[in-house]
Amino acid sequence: MQQQRRRRVPRRTLAGLALAALMTASFAATTSYAAEEELILNGGFENGTTSWFVNNGNGTDGGTLATTTDAYSGANAASVTGRTTTGSGPMQDLTGKVSAGQTYALKARIKYENANGPATKQFFATMHYGGSTYTNLVNVTATKGQWAYFNGTFTIPAGQSVSTARLFFETPWTQTPSTAPDTHLMDFKLDDVSVIGAPPPAAPSKTIEVVGKLPGEHNPLLGHKFGADGFGFVDNGRVYMYMTNDTQGYAPDPVTGISAGINYGNINQVTLISSTDLVNWTDHGEIQVAGPNGVAPFTGNSWAPGMAKKVVNGVEKYFLYYANGGGSSNVITGDSPIGPWTSERTSTLINGSTPGAQGVSWLFDPAPFVDDDGEEYLFFGGGPASTSMPAAERFNNPKNIRVIELGDDMISTEGTAAVVDAPVAFEASQVFKRGDKYYLSYSSHFGGSDFGGNQTPLAGYPGGGQIGYMMSEDPMSWPKEAYAGVMFPNQSQFFGAGTGGNNHQSVFEYEGKYYFTYHAPTLNKRINGNTTQGYRSAHIEELTFKEDGTVNQVVGTYAGVDQVRDFDPFRVFEAETLGWTKGIATAKVAGGSAEFGATAPNLVVKDVDNGDWTGLSSVAFGENGAATVTAKVKPLQAGGKIQVRLGAPDGPVAGTIEVDGATGAWTEVSAELEGATGSQDVYFAYTGPSGDLFEVDTIEFAEADAAPSLDVAVIAGTRCVAGKAVVTAQATNNDDVAISVSFDSSFGAKSFASVAPGKNAVHAFTTRLTNVPAASVTAHVSASVDGAPVSVEVEAPYDAKSCG
């Protein structure tokens with residue numbers, strides 16, 4: 001993967017400006033609009049600077065954005081001061097709002113008042129399309145101290161990519177504005193910004209309609225979305241999986257159902273799921289890490305996440321590391337494994353200036369490791385080997401991975417990065433510890449000109465696209481002699497055509513076992529057959545070891561790992577906790593999570609149509625079973641139902657929830673259940689008219705009351721009286737109500753109408769026999785509890801007796 005160039009280059013000429021002005025005038029006279037909408041948020045700055053920020057397209061851009069009461073209209077306008085470049089002006093992200101080939105009307109008011117500034121000054125409304133692509137849209141020449149009026153139109157070229165579209169206001173570009181700041185870097189004010197035009201058509205549905213994770217299978221982890229580069233992290237008895245959000249670029253064709261190939265350059269979110277049983281996974285949605293609206297807006301991508309926890313200055317913190325494309329890596333900080341997230345840095349953590357990182361082509365795939373003694377390390381790197389090495393060495397020992405110590409704050413580095421001499425290394429280094437041994441796994445390269453051309457690998461070294469590993473007693477020392485073998489062959493060996501390519505893995509320990517994560521485009525394959533477009537899904541297998549500490553090679557399977565424990569249904573849990581799915585999607589909604597707290601994101605199950613379903617694996621209803629089920633739902637039309645089915649999506653119906661209530665309002669609906677006992681797979685089958693039926697937020701089962709009983713102790717025995725056997729029976733009333741007792745034996749019956757609490761009923765049965773065999777006395781006990789009759793039957797055995 002290559003990082004896009006972000007250096008701003010000169011791109012305007014007087015001829016170009018004149019042409020732009022001519023085009024603007026022409027369109028203003030001839031263009032009409034259909035389905036016009038206002039695309040700017042808070043254009044009058046009445047909500048402060050919400051939705052606005054200072055252009056940060058280049059590292060040198062900067063300034064301060066605030067509000068002022070010196071407004072053209074209304075109470076507020078924006079004021080930008082301290083500008084460091086001509087492009088340092090108010091910006092709003094219009095990504096996803098504008099389309100190539102469409103025409104838009106732009107209006108705004110702008111004013112400058114600098115005493116030493118020129119009498120007039122030209123200003124531009126400019127669009128940044130990403131990289132070094134900037135286009136002036138509309139311009140105006142302002143007179144000092146007076147509000148000037150932007151009023152024009154612009155057309156986005158039909159071939160222009162709008163995967164990034166950021167509108168900002170600036171003065172004409174010059175390379176060295178600091179030589180004349182009064183002329184080029186004056187403060188200015190902005191108000192009443194408007195962009196009107198047709199919004200882009202609705203994005204293609206990302207909902208996966210097929211059953212991509214088959215009932216009974218545990219891989220891939222999810223059937224309703226993708227996720228790659230999974231990093232497993234255990235905290236407080238729960239496993240969290242952080243993944244590159246492959247779903248972000250997924251856009252299946254409405255007719256064919258096939259998406260264009262994945263575009264890694266557009267991925268700036270991390271997908272997060274968690275589980276306590278490794279089969280039923282709760283979808284926590286996406287973390288907006290990078291991009292203009294990200295936690296760290298000075299980064300553009302978020303690939304290959306890694307997670308660590310540490311107490312810093314007495315506060316427990318969580319640190320999410322990620323690759324900012326291929327050119328750098330960074331870290332954001334969370335209050336919990338699911339956030340909320342902040343950036344304590346204003347620049348990337350790992351970049352070309354990191355000591356010891358020189359010569360590494362791709363400064364990505366950051367994997368943190370906190371040792372038992374509290375020391376912190378970060379592994380990173382990959383990509384083409386240095387051309388300064390001999391060809392054979394470039395192939396076999398490319399030396400493209402590094403390890404560096406982290407500072408105690410976990411957001412800085414210490415010292416110089418050390419070389420990890422992993423054989424045939426490509427990327428994806430990650431370290432775990434078992435006993436006193438450190439294990440480093442990584443993905444191997446496929447050869448080619450980047451790695452010395454046609455070379456012969458050394459004996460025992462990994463083949464292309466495999467996961468190799470090394471063993472060491474020092475986390476900073478990884479000579480080539482530490483190579484121990486292949487941990488995982490290429491996934492195509494197990495999942496067949498269309499599933500090859502490089503991989504990215506992690507290892508974590510959970511409740512005494514080690515687990516290996518990897519990805520494969522298995523869900524993508526089940527959607528499209530043997531053709532895949534690069535959309536990957538996370539998998540888990542158990543990792544086991546030989547007596548000498550080396551690993552047993554992992555085998556990729558759809559079966560996956562055993563479920564660690566049965567699922568507890570007797571609580572409020574998120575409906576987006578999913579073992580298997582068909583046809584649904586998930587989305588964030590306002591407010592916190594009922595299960596994970598007010599600061600955790602809240603998701604719902606949505607895009608629910610007739611015939612869709614979700615399922616949970618091995619739900620522990622217990623001996624008493626579940627009496628009722630309650631769901632928090634938002635009806636979208638009348639007639640929707642949720643069938644609770646047992647064992648299979650079309651299994652017996654234990655109960656049916658009628659999804660009634662006001663359309664568009666959240667409500668709780670319930671149903672009584674029959675047969676929901678023991679441990680069973682449970683499916684929620686959705687039925688109703690055509691179209692979206694409802695959304696589901698939470699689910700809760702209520703346990704059935706235990707059958708009423710009485711606390712009575714019954715014992716039986718034998719003794720000899722005058723050479724004959726006697727059978728005795730005693731019932732002790734340990735309950736707090738009076739009971740009646742009837743003893744039945746082979747030698748007769750005896751009843752007691754009322755035995756008070758704490759008292760006994762005792763009887764001796766005369767047998768007239770010298771010898772009696774072993775048998776039992778049956779006690780029939782009854783009482784009235786809370787006005788209801790309750791009866792129990794107790795068998796009391798006795799031993800054989802000989803009195804001869």
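In this predicted model, strand S24 (residues 425-434) and strand S25 (residues 437-444) run antiparallel and are joined by 7 bridges. The two strands form a hairpin with 2 residues between them, and Gly 435, which sits in the turn, has a positive phi of about 65°. Across the pair, Phe 432 stands opposite Tyr 439 in S25. Of the 10 residues of S24, 8 are buried, so this strand is largely enclosed by the rest of the structure.

The side chain of Asp 365 reaches the backbone nitrogen of Ala 428 at a distance of 2.9 Å, and Asp 365 itself lies in the loop between strand S19 (341-342) and strand S20 (367-370). Is Asp 365 buried or exposed, and which side chain of opposite charge is nearest to it? Asp 365 is buried yet has no salt bridge, and the nearest side chain of opposite charge, that of Arg 536, is 8.5 Å away. Leaving aside neighbours within four places in sequence, the residues in contact with Asp 365 include Ala 304, Ser 329, Phe 379, Gly 381, Glu 427, Ser 429 and His 504.

Other charged residues do find partners. Side chains of opposite charge can pair when their charged atoms come close. In this model the count comes to 24 salt bridges. In one of these, the side chains of Arg 565 and Glu 511 meet with 2.5 Å from N to O. Arg 565 lies in the loop between strand S30 (537-543) and strand S31 (572-574), while Glu 511 lies in the loop between strand S28 (506-510) and strand S29 (513-520), so the pair ties together parts that are 54 residues apart in sequence. Arg 565 is partly exposed, with a relative accessible area of 33%, and Glu 511 is partly exposed as well, with a relative accessible area of 48%.

A further salt bridge is formed by Asp 697 and Lys 632, whose closest N and O atoms are 3.7 Å apart. This pair links distant parts of the chain, since Asp 697 belongs to strand S42 (residues 694-703) and Lys 632 to strand S37 (residues 626-635), 65 residues apart. Here Asp 697 counts as buried at 5% relative accessibility, whereas Lys 632, at 29%, counts as partly exposed.

Glu 658 and Lys 641 also form a salt bridge, with their closest N and O atoms 3.8 Å apart. Glu 658 lies in strand S39 (residues 653-659) and Lys 641 in strand S38 (residues 640-646), so the pair ties together parts that are 17 residues apart in sequence. Elsewhere, salt bridges that share partners join Asp 70, Lys 111, Glu 113 and Lys 189 into one network.

The nonpolar side chains remain to be considered. In soluble globular proteins, such side chains tend to be buried together. The largest nonpolar core here has 35 residues, of which Phe 150, Leu 167, Phe 169 and Leu 190 touch the most other members. Among the elements that give two or more residues to this core are strand S6 (103-111), strand S7 (120-128), strand S9 (148-155) and strand S11 (188-197). Not counting residues up to four places away in sequence, Phe 150 touches residues including Leu 106, Ile 110, Phe 123, Val 138, Val 140 and Phe 169. Apart from this core lies another, of 32 residues, among them Val 605, Val 619, Phe 621 and Leu 673.

Conventions
Residues are numbered from 1 along each chain as its sequence is written. This is a predicted model: local features need pLDDT of at least 70, side-chain atom pairs count only at pLDDT 80 or more; totals for chains, interfaces and linings use all residues. Side-chain values use heavy atoms; hydrogens and water are left out. A nonpolar core is a set of buried Ala, Val, Leu, Ile, Met, Phe, Trp, Tyr and Cys residues joined through side-chain atoms within 4.5 Å. Buried means under 20% relative accessible area, exposed over 50%, partly exposed in between (1.4 Å probe, protein chains only). Helices (H or I, at least four residues) and strands (E, at least two) are DSSP runs, numbered from the N terminus. Contact means heavy atoms within 4.5 Å. A salt bridge is a side-chain nitrogen of Lys or Arg within 4 Å of a carboxyl oxygen of Asp or Glu. Lys and Arg count as positive and Asp and Glu as negative; His and the chain ends are not counted. A polar contact is a pair of N or O atoms within 3.5 Å; within protein, one must be able to donate a hydrogen and the other to accept it, and residues adjacent in sequence count only if both atoms are side-chain atoms. Two strands pair if DSSP finds at least two bridges between them.
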